[in-house]
Amino acid sequence: MEEIKDTDYSLEAVPESARKGFRSMFFVMLGFTFFSASMSVGAKLGNGLDFSEFVLACIIGGIILSIYCGILAYIGSDTGLTMDLLCRKAFGKKGSYLSSLVLGFTQIGWFGVGVAMFSIPTAQLLGINEWALTIAAGLLMTLTAATGMKALEVVSTISVPLIVVLGVYSMVTATTDGGGLVAVFAQSAGKISVFTGIGYVIGSFISGGTATPNFIRFAKNNKIAVWTTVIAFFFGNTLMFCFGAIGGAFTGADDIFYVMIAQGLAIPAIIVLGANIWTTNNNALYTGGLAISNITNIQMKITTWIAGVIGTILSIWLYYNFTGWLNILNCALPPIGIIVILDFFMKRKKYKDNMDVGNFNSFNIVGVIVGAIVANILPWGIAAVNAMVVASVCYFIGYIRKKEA
């Protein structure tokens with residue numbers, strides 16, 4: 001039997017012949033960041049900050065998020081490797097199973113939550129069976145994710161303009177009816193601090209952003225990779241915050257779906273919700289499939305179908321019972337990203353060839369575990385940043401010990 005060609009290069013570097021230009025990568029990365037959960041974070045910001053505080057939180061948080069994801073984009077494009085294959089270099093072949101397990105588990109979990117985020121409110125609004133809609137939506141999203149980068153590009157190219165047009169309309173309507181931006185934000189400001197707002201901005205997508213190399217490795221060059229990622233994570237993510245914040249401040253709702261319903265935009269609300277979740281869920285499931293491929297050496301098209309079916313079956317249960325646990329696990333992803341970043345720049349040669357990297361890099365693995373624990377229990381600071389600082393310390397301790405050995 002003829003072996004199916006792996007056009008997504010799940011277990012090898014993307015060759016130059018398969019690289020894509022600015023437009024393709026731009027829509028994929030924007031589609032990744034265009035997510036309803038980010039709009040909901042924006043609604044929380046709009047209900048808790050005044051206008052100037054909101055702008056400050058978006059700028060500072062957006063810069064930090066963009067720098068982190070931009071560096072990962074450079075690494076992904078420069079090597080052509082998935083995040084899981086990069087983790088093989090940083091953590092060792094078998095050590096990377098831990099990072100793949102965390103990446104895969106969280107992204108499949110968020111895929112399931114995302115399916116339910118669409119199916120449950122939509123089924124209630126339309127008066128149809130939520131399980132029927134959940135299965136249909138989950139399998140359709142799995143189909144496009146398993147098709148690979150080409151499908152991700154097509155879905156994002158269609159969805160991104162729809163989201164922008166409908167989101168801008170909702171935002172302009174709320175601003176006009178509310179008497180201007182300052183007046184709209186003044187209705188409900190004062191519940192959270194700017195520092196907390198910055199934490200919301202960073203935390204909204206830094207975990208997902210850790211998977212950036214999985215998509216941007218297809219970029220033709222490092223310049224395209226970095227710029228498309230920075231634009232997506234700064235301007236694209238900020239746009240999602242604005243959509244949610246302005247509508248949320250005006251209506252008092254903390255979910256963009258219900259914001260648009262309150263504005264009399266029921267059908268547009270369904271379209272925006274579906275398009276937002278579809279684009280990001282495709283990327284999440286694609287990441288989950290790649291993670292399983294790293295552990296099993298099975299092509300990602302097969303592992304993505306397995307992950308999608310599991311995520312769909314468990315979606316409603318995940319939505320009601322597991323979101324808190326997924327948030328806890330999210331704290332393990334930024335340490336993975338920062339250790340890959342440090343290791344790439346400190347030991348760049350091993351990312352350019354096929355040299356044996358061993359099975360385990362114990363200090364790097366400990367960095368992920370301790371960083372995640374600290375992020376979850378430390379009562380002050382920004383969780384993701386705390387986790388990365390601790391992981392960095394563990395990395396340099398291990399680096400110095402090896403230099404001295």
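A: Start with one aromatic cluster, made up of F32, F205, F215, F233 and Y286. Rings of Phe, Tyr and Trp (its six-membered ring) count as a pair if their centres lie within 6.5 Å; planes under 30 degrees apart are stacked, over 60 edge-to-face, and the rest tilted. Bear in mind that this is a predicted model, where local features need pLDDT of at least 70 and side-chain atom pairs 80 or more, while totals for chains, interfaces and linings use all residues. Numbering runs from 1 along each chain as its sequence is written, and side-chain values use heavy atoms, without hydrogens or water.

Now for the helices, which are DSSP runs of H or I with at least four residues, numbered from the N terminus. Helix 13 (residues 266–296) packs against helix 14 (residues 300–321) at about 120°, the axes being 8 Å apart. Those axes are fitted to C-alpha atoms over the stretch in contact, with angles running from 0 to 180 degrees between N-to-C directions. On the helix 13 side, L285, Y286, G289, L290, I292, S293 and T296 make the contact (heavy atoms within 4.5 Å), and helix 14 brings M300, T303, T304, A307 and G308.

Y74 and F344 are edge-to-face, because their planes sit at 75°, with centres 6.4 Å apart. F344 is buried at 0% relative accessibility, whereas Y74 is partly exposed at 24% (buried is under 20%, exposed over 50%, partly exposed in between, using a 1.4 Å probe and protein chains only).

Key: Helix = DSSP H or I, 4+ residues; strand = E, 2+ residues; numbered from the N terminus.
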